[in-house]
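Here's a walk through one protein model, strand by strand and helix by helix. Have the viewer open while you read.

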Amino acid sequence: MKKLLIFSLAAMVLAIGLVGAVSAKNDNSNQYMPSNAPTNEISLLENAKEVAPGVFYLGKSMNKGKVVEGYAFVHYAKDSDRAKKAKPTQDDSNKYKLLGVKWADTIQYEVNTAGSNFVGAGDVTGILEDSLETWDTAITSDFELFNDVLVPTTETFVGGTEPDYINRIVWQNFGGPGTIAYNSYWFYTATREMIESDVVFNSYYDWADCIDGGVDCSNKMDLQSIATHEFGHNGLADLYNRPARPLTMYGYSGFGETKKQDLATGDMLGIQALYGN
Ligand SMILES: [Zn+2]
């Protein structure tokens with residue numbers, strides 16, 4: 001802990017433009033320490049400040065009379081430069097990490113499948129619904145986190161510097177490989193209640209059903225696996241420790257990987273800790 005604090009202070013001295021990160025540290029969302037990592041690897045998040053590897057602070061503002069703030073979690077490909085920087089520490093697949101925010105009620109997603117570059121057999125919307133259902137099945141209480149049925153939309157907008165209170169799933173071309181997808185979310189600062197969750201998949205990649213799709217997935221992303229990970233960010237954070245690789249919430253994925261379709265013990269314990277009772 002002392003080591004982390006020293007690093008944090010050093011990073012604050014070294015880095016320029018950490019206003020968002022510093023203000024995040026000053027309120028009660030201090031689980032992310034500022035770093036001096038690059039802040040604009042993804043142009044879509046150009047207003048965001050990277051406050052931990054793969055974690056971007058979207059800022060804080062007044063919205064409809066309440067203070068709101070947001071974060072985005074970026075899901076990197078295993079073969080990216082960033083993925084190689086993963087440093088193994090103590091962990092295992094029974095662990096989970098909470099974001100410190102959660103939904104108060106069932107949420108509904110809109111989906112725009114345009115540009116999904118989905119190849120082979122399979123239904124994009126149906127696969128996404130399977131991913132949502134995977135989390136609801138793990139919740140032991142009667143609480144339903146997700147509405148089972150996605151609402152189709154032609155809207156493409158998900159970003160911005162403040163919430164629009166619409167949960168949307170879209171594809172956008174990130175201009176190259178390295179980042180598979182990201183999840184951004186907003187919450188009320190005072191109550192830590194989530195108010196928006198958006199998922200953006202990188203249409204630079206081809207997407208497929210790598211189990212039943214009948215295609216060679218050596219250069220494709222399995223949609224259900226990545227989507228299940230992204231939907232886990234409705235309360236759960238990424239784990240980057242190497243022994244956490246069996247987890248759906250492990251922060252990296254690669255071509256053809258399907259293991260995140262099924263939850264590990266830590267994923268289930270995490271979602272139950274939030275919505276299980
Ligand atoms: Zn993630």
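This is a predicted model: local features need pLDDT of at least 70, side-chain atom pairs count only at pLDDT 80 or more; totals for chains, interfaces and linings use all residues.

Ile 169 stands opposite Val 199 in strand S9.

Residues are numbered from 1 along each chain as its sequence is written.

Back to S7, which also pairs with S4 in the parallel sense, over three bridges. There, Glu 110 has Arg 168 of S7 as its bridge partner.

Is S7 enclosed or open? Six of its six residues are buried, so S7 is largely enclosed by the rest of the structure. Buried here means that 20 or more other C-beta atoms lie within 10 Å of the residue's own (exposed is 12 or fewer, partly exposed is in between, and C-beta atoms are placed from the backbone). Asn 167, Ile 169 and Trp 171 point one way from S7, Arg 168, Val 170 and Gln 172 point the other way, and all are buried.

Asn 167 is worth a click. It has 24 C-beta neighbours inside 10 Å and therefore counts as buried. Leaving aside neighbours within four places in sequence, Asn 167 is in contact with Ile 107, Gln 108, Tyr 109, Glu 110, Glu 196, Ser 197 and Asp 198; contact means C-beta atoms, placed from the backbone, within 7 Å.

Ser 116 sits in the loop between S4 and S5. This serine counts as buried because it has 20 C-beta neighbours inside 10 Å. With neighbours within four places in sequence left out, Ser 116 is in contact with Val 124, Trp 171, Phe 201, Ser 203 and Trp 207.

Here are two C-alpha pairs involving these residues:

| Pair | Separation in sequence | C-alpha to C-alpha distance |
|---|---|---|
| Asn 167 and Ile 107 | 60 residues | 7.9 Å |
| Ser 116 and Phe 201 | 85 residues | 7.8 Å |

## Helices H4 and H6

Which parts of the structure do the buried residues of H4 pack against? They pack against strand S4 (109-111), strand S7 (167-172), helix H5 (223-231) and helix H6 (265-275). The buried set in H4 is Ile 127, Leu 128, Glu 129, Ser 131, Leu 132, Thr 134, Trp 135 and Ala 138. As a geometry check, the 15 residues of H4 (residues 124-138) should span 21 Å at 1.5 Å a residue, and the end C-alpha atoms are 22 Å apart, which agrees. The expected span is 1.5 Å times one less than the number of residues.

On H6, the buried residues are Gly 266, Asp 267, Gly 270, Ile 271 and Tyr 275. Seen down the axis of H6, they fall within an arc of 140°, so they line one face of the helix. That arc is taken over the directions from the helix axis to the C-beta atoms. These buried residues of H6 pack against H4.

## The hairpins and the core

S1 (residues 49-52) and S2 (residues 55-63) pair in the antiparallel sense over three bridges, with Glu 50 opposite Phe 56 in S2. Two residues separate S1 and S2 in this hairpin, and Gly 54 in the turn has a positive phi of about 80°.

S2 then pairs with S3 (residues 66-77), antiparallel over eight bridges, and Gly 59 faces Gly 70 in S3. Again there are two residues between the strands of the hairpin, and Lys 64 in the turn has a positive phi of about 50°.

The largest nonpolar core has 67 residues, and those with the most contacts inside it are Phe 56, Tyr 71, Ala 72 and Leu 223. S3 gives the most to this core, with seven residues. A nonpolar core is a set of buried Ala, Val, Leu, Ile, Met, Phe, Trp, Tyr and Cys residues joined through C-beta atoms within 7 Å.

## Overall

The protein has six helices and twelve strands, and 45% of its 277 residues count as buried.

How values were computed:
Helices (H or I, at least four residues) and strands (E, at least two) are DSSP runs, numbered from the N terminus. Two residues are in contact if their C-beta atoms, placed from the backbone, lie within 7 Å. Two strands pair if DSSP finds at least two bridges between them.
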